[in-house]
Amino acid sequence: MSRILVTGGSGRLGRSVVDGLARAGHHVISVDRDAVPAAQLPAGAVQHTADLLAPGEALRLMQDATPDAVIHLAAIAVPFSAPEDVIFSTNTRLAFAVLSAATEAGVPKIVTASSPTVLGYGSPAGWLPDAFPLDEETTPKPWNAYALSKLIAEQTMQMFAAAQGDRIRYAAFRPCFVISPEEWEGAPTQQGHTLAERLADPALAAPALFNYVDARDVADFLELLLQKMDAIPNGQTFFVGAADALATEPLAELIPRFLPGSAGLAASLTGTSPSFSVDKARKLLGWEPTRTWRTELRNPAPSRLNDEAPAAFAAAGTGPKEAP
Ligand SMILES: NC(=O)c1ccc[n+]([C@@H]2O[C@H](COP(=O)([O-])OP(=O)(O)OC[C@H]3O[C@@H](n4cnc5c(N)ncnc54)[C@H](O)[C@@H]3O)[C@@H](O)[C@H]2O)c1
């Protein structure tokens with residue numbers, strides 16, 4: 001069992017991360033500006049309310065909690081949800097404040113959340129990758145303050161890794177569009193619509209290139225990452241996504257409809273293939289996403305692809321849920 005401090009632990013992703021790590025037997029210290037109702041806090045977790053941008057606050061928390069690992073999630077998590085300069089300064093200052101405090105306190109493992117948006121898809125000026133699927137080798141070309149702030153969070157992590165060497169282990173991860181457990185049941189997603197609506201109207205998922213990940217799979221990824229960080233090269237960044245696309249048609253057909261000029265590039269995305277590869281996490285950590293909209297979503301839209309669930313989903317042993 002480890003002591004793990006999670007910033008942003010009250011958020012959409014943070015709640016599942018706190019829950020997953022506590023269920024795995026860790027002592028979790030959640031730090032957030034907002035508290036969750038005490039009844040929702042899992043056994044093995046405690047929470048502290050704090051503004052991590054208040055001078056000295058992050059260091060004080062690290063020194064009080066003496067964690068074995070820090071997972072930094074706190075941020076403004078939605079592009080354009082605040083003025084661009086506020087998103088930029090909040091997210092970059094939070095990343096620096098938390099990573100520098102954890103480093104100064106000698107926390108042995110430090111992980112920060114980035115985002116797939118660093119790649120720059122959705123730019124109004126046009127965007128095409130060199131190749132699909134997108135992976136950690138794809139060149140980042142952020143086009144808004146949120147995406148840039150996340151790229152800087154990755155570089156902040158790498159700066160500390162370069163300065164500390166292997167004395168402290170660092171990593172960043174880019175979770176795809178996060179689906180929390182209540183969203184499978186019909187609660188609105190981060191973008192305000194429901195998952196059923198997102199599946200029924202490809203124009204809603206197209207801006208994210210149909211990527212998604214179950215928040216509990218992210219928690220599983222983080223648990224495994226913390227276990228294996230000592231054994232992989234320091235300062236790595238990982239995509240964390242589902243094994244399929246959040247779409248009812250192959251992306252080879254869907255992506256060219258929304259991304260002009262991409263037909264040849266997307267041709268390999270047949271069947272249920274997602275646009276983002278998680279092969280690096282598979283290879284370096286042995287991580288595999290186990291949840292898919294095909295097994296988690298209540299009232300899914302009709303799909304041409306429902307009979308084509310990848311083997312990993314069958315192995316997970318979860319059948320489609322019945323409508324309530
Ligand atoms: N949700 C997604 O689809 C998604 C995708 C990619 C990356 N991410 C990243 O994952 C992380 C978590 O995202 P989320 O969806 O859970 O966001 P969220 O907005 O639900 O949670 C973020 C939490 O951070 C807290 N916070 C913000 N500023 C703070 C401060 N100064 N001090 C203390 N706490 C503060 C907020 O109170 C909130 O609870 C973020 O870094 C986000 O950029 C999320």
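Q: Which helix gives the largest share of the shell around the ligand in this predicted model?
A: The largest share comes from helix H1, residues 12–23, which supplies three residues of the shell.

Q: What makes a residue count as part of the shell, and which residues come nearest to the ligand?
A: The C-beta atom of the residue must lie within 6 Å of the molecule. There are 23 residues around the ligand, and Gly-8, Gly-11, Leu-13, Ala-75 and Ala-77 come nearest.

Q: How do the residues of this shell divide into nonpolar, polar and charged?
A: Twelve are nonpolar, six are polar and five are charged. Among the nearest residues, Gly-8 and Gly-11 count as polar, because Gly is placed in that class.

Q: Why does the span of helix H3 agree with its number of residues?
A: Helix H3 covers residues 84–104, that is, 21 residues. At 1.5 Å a residue these should span 30 Å, and the end C-alpha atoms are 30 Å apart, so the two values agree.

Q: What do the buried residues of H3 pack against?
A: Ile-87, Asn-91 and Val-98 are among the buried residues of H3. The buried residues of this helix pack against strands S1, S4 and S5 and against helices H2 and H4.

Q: Which residues have the most contacts inside the largest nonpolar core?
A: They are Val-17, Val-98, Val-218 and Val-240, in a core of 96 residues. Helix H4 gives the most to this core, with nine residues.

Q: With which residues is Val-218 in contact, leaving aside neighbours within four places in sequence?
A: Val-218 is in contact with Leu-13, Ser-16, Val-17, Pro-175, Val-178, Val-213 and Val-240.

Methods:
Residues numbered from 1 in each chain as written. Predicted model: local features only at pLDDT ≥ 70, side-chain atom pairs only at ≥ 80, totals over all residues. Helix = DSSP H or I, 4+ residues; strand = E, 2+ residues; numbered from the N terminus. Expected span 1.5 Å × (residues − 1). Buried ≥ 20, exposed ≤ 12 C-beta atoms within 10 Å, placed from the backbone. Contact = placed C-beta atoms within 7 Å. Core = buried A, V, L, I, M, F, W, Y, C linked by C-beta atoms within 7 Å.
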